[in-house]
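Subject: Structure for your study

Dear colleague,

Please find below the structure that I am handing over to you. I would ask you to keep it open while you read the notes that come after it.

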Amino acid sequence: MTQDKAHILIADDNPEIREIIKILLYGEGFSVTEAENGTAALAEIKNQGFDLIILDVMMPGMNGYETCQNIREISNAPILFLSARTTDSDKILGFSSGGDDYLEKPFSYPELIGRAKALIRRYHVYQGKEQQTASSAVKQLSLRGLIINLEQEEVFLQGEKIELTGTEYEMLRLLVSNRSQIFSAQRLYEAIWDEPWYYGANNTVMVHIRNLRQKIEKDPKNPVFIKTAWGKGYHFD
């Protein structure tokens, strides 16, 4: 599937906002499905696959954060939150629930399209949907029971497959591939999200590191793989 044929789900209880976003995405060649709330969004995801899910936070019944947590039980598709709630705690809650990105309302149309394309591109590479232009002699990274299969884009820990989102996989692959380097939050953000650093992005990186540790560390509070170099950043030990 090429990016211009990607299928996007919009979940927002405001039909006018859904219509605006749908028109924008149609203009970029995307296929779009709408859902008026979290329950409807989950039903759609169970019936068909999506390359991106755009979630409003303040929806009646099941809010966006709760919907995201439920989505993560059945799908690793990237999730972009749209919300007028803009505090750091709101964003941290969004990332902690499994979101990949968070865009504040009101947003510019180019910014929405840019974020959507970046998330879809990363997801397609993670899922092996895009042709890799360069071959590498290295097919697998392995260390102390943690194995990253670079061809299949899969991660195993002690023989058990670990389900990661595209963002988490890219972050882990980058850190493992550069074990001798310490990555500042800014460097990680610009490399993974492929956009300039901004105030508040440190929280984005911090929460994704925490989520990744929850999945690969035996004791996330005392990590043996992803270490923090205080005042400098993160590195894979």
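This is a predicted model: local features need pLDDT of at least 70, side-chain atom pairs count only at pLDDT 80 or more; totals for chains, interfaces and linings use all residues.

Residues are numbered from 1 along each chain as its sequence is written, and side-chain values use heavy atoms, with hydrogens and water left out.

Lys22

Lys22 belongs to helix H1 (residues 15-27); helices (H or I, at least four residues) and strands (E, at least two) are DSSP runs, numbered from the N terminus. Is Lys22 buried or exposed? Lys22 counts as buried because its relative accessibility is 16%, where buried means under 20% relative accessible area, exposed over 50% and partly exposed in between (1.4 Å probe, protein chains only). Leaving aside neighbours within four places in sequence, Lys22 is in contact (heavy atoms within 4.5 Å) with Ile10, Val32 and Glu34.

Helix H8 (residues 201-216) has 16 residues, which at 1.5 Å a residue should span 22 Å; its end C-alpha atoms are 23 Å apart, which agrees. The expected span is 1.5 Å times one less than the number of residues. Among the buried residues of H8 are Ile209 and Arg213.

On a 1 Å grid over the protein atoms alone, a pocket is an open set of points with protein on both sides within 12 Å along at least five of seven lines, a cavity is a set where a 1.4 Å probe fits but cannot get out, and lining residues have an atom within 4 Å of a point. H8 gives the most to this pocket's lining, with 5 residues.

The cavities

How many cavities of 30 Å³ or more does a search of the whole structure find? The search finds 2. The largest cavity holds about 40 Å³ of space, a volume being the space filled by probe spheres set on the points, with grid points joined across faces, edges and corners. Leu119 and Arg122 are among the residues that line the largest cavity, and H5 supplies the largest share of that lining, 3 residues. The second largest cavity has a volume of about 30 Å³. Leu119 and Arg122 are also among its lining residues, and H5 again gives the most, with 4 residues.

Yours sincerely
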